[in-house]
Amino acid sequence: MTEMEIVKFFAGVFILLGAFLSLVTAFGLIRLPDVYTRNHAASKSATMGVMLVLLGTFLYFWLIEHHFNSRLLLGVAFIFLTSPVAGHLIARAAYNSGVKLSDRTVQDDLAKARKAMKAEELK
Amino acid sequence: MFETVMWISVTFISLAMIGLIYRVIKGPTVADRVVALDAIGISLVSVVALVSILLDTSAFLDIILLIGILAFIGTVAFSKFLEKGVIMEYDRNGDR
């Protein structure tokens, strides 16, 4: 096994894992029952999948084409920082605009806390 | 061998995007659609990365950063619109 083949093997493994995680995201979005669980699936596994694909691409361009591409590293860092924040914002917007939780939910502490706060205000 | 792996990965991501488009069409609430569109934007990033490997060029790698930034801005704007009804607030005089 030459050095090139080893690099290609590892880049291929990273990229295949990333693509598999993207597929897992899609299954989560299709099968899970409400917005919050779907958001959980989308914001975690999609982020990890894209980061793995970009890492594999970076390794390929760096070690095979001998081209150190800092934009790919910046893209990994940026997606790692912003994708969970976007997930948080959209989940909060969904809760505040009154999207119902799934029927199987057993506990909603935020609703309880809001009710207590409203009762405090009315006093 | 390596190219085959790349094509398999592109197929996986395309199937994932088809599933996400199903959620965009069907999704009962607007928040569902926004979540699915955000995930589509993120998957588009990895498609661009794979295509630039397959075409053996590093000219498309700027697009990755661009799509990431645009997806984030779009999601933030949409969630702000869902929550408050406005995206930018004009409170120059402080009376709103």
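1. B:Asp62 is partly exposed at 39% relative accessibility, the term covering values between buried (under 20% relative accessible area) and exposed (over 50%), with a 1.4 Å probe and protein chains only. Helices are DSSP runs (H or I, at least four residues) numbered from the N terminus.

2. The model is predicted, with pLDDT of at least 70 needed for local features and 80 or more for side-chain atom pairs, while totals for chains, interfaces and linings use all residues. Residues are numbered from 1 along each chain as written, chains are lettered from A in written order, and side-chain values use heavy atoms, without hydrogens and water.

3. A salt bridge also links B:Asp32 and A:Arg38, at 2.4 Å from N to O. B:Asp32 belongs to helix α2 (residues 30–54) of chain B and A:Arg38 to helix α2 (residues 35–63) of chain A, so this pair joins two chains. B:Asp32 is buried at 2% relative accessible area, and A:Arg38 is buried at 6%.

4. Within chain A, A:Lys112 and A:Asp109 form a salt bridge, their closest N and O atoms lying 3.7 Å apart. Both residues lie in helix α4 (residues 109–122), three residues apart, about one turn of the helix. A:Lys112 is exposed at 55%, whereas A:Asp109 is partly exposed at 47%.

5. Over all chains, the count is four salt bridges.

Methods. A salt bridge is a side-chain nitrogen of Lys or Arg within 4 Å of a carboxyl oxygen of Asp or Glu.
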